[in-house]
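User: I would like a close look at a single part of the structure shown below. Please treat it in one connected account.

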Amino acid sequence: LNEDITLRRKEMLASMCDERARMLQDQFNVSMNHVHALAILVSTFYHELEPLALDQKTFEEYTEKTAFERPLTSGVAYALRVLHLMRERFEEQQGWTIKKMETEDQTLSQDLVPENLDPSPVQEEYAPVIFTQKTVSHIVSIDMMSGKEDRENILRARASGKGVLTSPFKLLKSNHLGVVLTFAVYNTHLPPDATQMQRINATVGYLGASYDVPSLVEKLLHQLASKQTIIVNVYDSTNKSAPINMYGKDGMDTGLLHISNLDFGDPARKHEMHCRFKEKP
Ligand code: WA2
């Protein structure tokens with residue numbers, strides 16, 4: 001009889017965990033597809049039309065009205081690829097200078113508003129944000145290539161043509177770990193078998209979405225009436241020996257554990273959901 005109960009508990013935990021993992025994965029996938037569609041929209045209306053048919057006001061309105069299509073995201077933004085020889089003209093047109101992304105101790109000492117940031121030092125190329133959803137307006141004019149995680153994402157996105165994810169890191173103006181999803185925007189219709197070099201050369205910008213993981217997973221789990229029953233943790237387990245806790249208190253150790261796989265669509269990153277019962281039987 002005892003064995004029976006243990007087995008039942010095991011199955012119950014597994015099905016609850018798999019259900020939550022699938023919900024999170026599906027919502028992530030839905031928003032990823034919509035961010036991809038946004039990258040195509042920018043390519044169509046900003047880069048293919050003359051005169052330019054997209055500006056900050058239109059981008060802001062459209063992204064606010066379609067925010068429901070991107071569950072789990074805290075905001076979307078578009079950064080333009082600017083080569084150094086174009087910098088002066090670009091800054092003149094925009095009426096602002098390209099800014100360097102803050103380090104953490106700078107963030108503590110002053111308000112994060114673009115006016116308080118230092119201009120970006122000379123680089124071969126930059127990725128200044130020109131359009132944002134209102135929720136992330138604080139990143140306008142910041143060179144996304146000056147942040148380690150954002151830079152790696154940009155380079156991987158444009159060489160691959162796929163949506164790519166960062167490891168978890170502390171997003172600007174947020175107290176939690178989050179991730180950024182990036183799609184490159186190209187100026188020509190690339191064949192599906194385009195080489196990395198062709199892709200890099202055709203790149204004109206980067207459409208990105210930020211995910212504040214803890215608050216968004218919390219919101220998702222809240223919709224299910226199970227918070228009393230199980231404890232959920234989400235990990236970036238790309239590095240098997242050093243998983244990064246993205247949601248939930250770490251170091252919980254109360255018996256039965258079930259691990260459900262999470263697929264967020266970037267084969268270079270691995271994620272897992274860990275579930276436990278809150279109380280021992
Ligand atoms: N978006 C919002 N908050 C952030 C952030 C970011 N990146 N990086 C650090 N905090 C415009 O990949 C291009 C968005 C980057 C896209």
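Which residues surround the ligand?

Analyst: The model is a predicted one, and the description that follows applies to it. The ligand is surrounded by Ala77, Ile139, Met144, Asp150, Phe169, Leu171, Leu172, Val180, Thr182, Tyr206, Gly208 and Ser210. Among these residues, Asp150, Leu172 and Thr182 can be described through individual atom pairs. The side chain of Asp150 places an N or O atom 2.6 Å from a nitrogen atom of the ligand. At Leu172 the backbone takes this part, with an N or O atom 2.9 Å from a ligand nitrogen. Thr182 faces an oxygen atom of the ligand instead: an N or O atom in the Thr182 side chain lies 2.8 Å from that oxygen. Taken alone, the ligand would expose 410 Å², of which the protein buries 98%.

Four strands, in the order E10-E9-E12-E11, form an open sheet with antiparallel pairing. Its edges are strand E10 (244–247) and strand E11 (257–262), each of which pairs on one side only. From one strand to the next, the twist averages 30°. E11 is joined to strand E12 (residues 271–277) by six bridges, and the two run antiparallel; Leu262 has His271 in E12 as its bridge partner. Two helices pack on this sheet. Helix H1 (residues 2–47) touches strand E9 (230–236), E11 and E12, and its direction makes about 25° with that of E11. Helix H7 (residues 213–222) touches E9 and E10, with its direction at about 50° to that of E10.

Definitions and conventions
Residues are numbered from 1 along each chain as its sequence is written. This is a predicted model: local features need pLDDT of at least 70, side-chain atom pairs count only at pLDDT 80 or more; totals for chains, interfaces and linings use all residues. Side-chain values use heavy atoms; hydrogens and water are left out. Two strands pair if DSSP finds at least two bridges between them. Axes are lines fitted to C-alpha atoms, for helices over the stretch in contact, and angles run from 0 to 180 degrees between N-to-C directions. Contact means heavy atoms within 4.5 Å. A residue is near a molecule or strand if one of its heavy atoms lies within 4 Å of it. A polar contact is a pair of N or O atoms within 3.5 Å; within protein, one must be able to donate a hydrogen and the other to accept it, and residues adjacent in sequence count only if both atoms are side-chain atoms. Accessible areas come from the Shrake-Rupley method with a 1.4 Å probe; for residues, only the protein chains shown count as cover.
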